[in-house]
Amino acid sequence: LQGNPVVGSYKHYRKIILASMPTLKYLDDSPAFDKDKRYAQAFVRGGLEEERRERERVREEENAEREGHRAAFDAMVER
């Protein structure tokens, strides 16, 4: 859709496209990451406030995953 004049007439077009096409891998030469799709779906569901909440959930999930990796590494080192 890059360069398409219609794109300019749609506010938040990338979010709308990502939310409506969950299997999309690339959009406008940019990867469509899973968390970007989650943010877009949240935006469509409830606007910027819901997107902010989703971003916080993703941040918490990523922190928990990092903490799990750190704990596993610490356990491995202790052996």
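Visitor: Which residue has a side chain joined to that of Glu 51 by a polar contact of 2.7 Å?

Guide: A polar contact is a pair of N or O atoms within 3.5 Å; within protein, one atom must be able to donate a hydrogen and the other to accept it, and residues adjacent in sequence count only if both atoms are side-chain atoms. Here the side chain of Glu 51 is joined in this way to that of Lys 15, at 2.7 Å. Please keep in mind that this is a predicted model, in which local features need pLDDT of at least 70 and side-chain atom pairs count only at pLDDT 80 or more, while totals for chains, interfaces and linings use all residues. Residues are numbered from 1 along each chain as its sequence is written, and side-chain values use heavy atoms, with hydrogens and water left out.

Visitor: Where does Glu 51 lie, and is Glu 51 buried or exposed?

Guide: Glu 51 lies in helix α2, where helices (H or I, at least four residues) and strands (E, at least two) are DSSP runs numbered from the N terminus. Its relative accessible area is 5%, so Glu 51 is buried; buried means under 20% relative accessible area, exposed over 50%, and partly exposed in between, with a 1.4 Å probe and protein chains only. Once its neighbours within four places in sequence are left aside, Glu 51 is in contact with Lys 15, Tyr 39, Ala 42 and Phe 43, contact meaning heavy atoms within 4.5 Å.

Visitor: What can be said in the same way about Glu 50?

Guide: Glu 50, which is also found in helix α2, counts as buried because its relative accessibility is 14%. Its side chain makes a polar contact of 2.9 Å with the side chain of Arg 57, and, apart from neighbours within four places in sequence, Glu 50 is in contact with Ala 42, Arg 45 and Arg 57.

Visitor: How should I describe the way α1 and α2 pack?

Guide: Two packed helices are described by the angle between their axes and the distance between the axes. Axes are lines fitted to C-alpha atoms, for helices over the stretch in contact, and angles run from 0 to 180 degrees between N-to-C directions. In this model, helix α1 (residues 13–20) packs against helix α2 (residues 34–78) at an angle of about 120°, with their axes 7 Å apart. That is why α1 is called oblique to α2, since angles under 35 degrees count as roughly parallel, over 145 as roughly antiparallel, 65 to 115 as roughly perpendicular and the rest as oblique.

Visitor: Which residues meet where α1 packs on α2?

Guide: From α1 come Lys 15, Ile 16, Leu 18 and Ala 19, and they meet Asp 36, Lys 37, Ala 40, Gln 41, Phe 43, Val 44, Leu 48 and Glu 51 in α2. Sorted by class, this contact has seven nonpolar, one polar and four charged residues, where Ala, Val, Leu, Ile, Met, Phe, Trp, Tyr, Cys and Pro count as nonpolar, Asp, Glu, Lys and Arg as charged, and the others, Gly among them, as polar. Within α1, Tyr 13, Leu 18 and Ala 19 are buried, and what covers the buried residues of α1 includes β1 (26–27) and α2.

Visitor: What does Leu 48 touch, and how far is Leu 48 from Arg 79?

Guide: Leu 48 is found in helix α2 and counts as partly exposed because its relative accessibility is 44%. Not counting residues up to four places away in sequence, Leu 48 touches Lys 15 and Phe 43. Leu 48 and Arg 79 are 31 residues apart in sequence, and from C-alpha to C-alpha they are 47 Å apart in space. By way of another example, the C-alpha atoms of Met 21 and Gln 41 are 20 residues apart along the chain and separated by 10.0 Å; Met 21 lies in the loop between α1 and β1.

Visitor: What is there to notice about phi in His 12 and in Asp 29?

Guide: Most residues other than glycine have a negative phi, and most peptide bonds are trans. Phi of His 12 is near 65°, a positive value in a residue other than glycine, and phi of Asp 29 is likewise near 65°. His 12 has its place in the segment before α1 and is partly exposed, with a relative accessible area of 32%. Asp 29 is found in the loop between β1 and β2 (30–31) and is exposed, with a relative accessible area of 69%.
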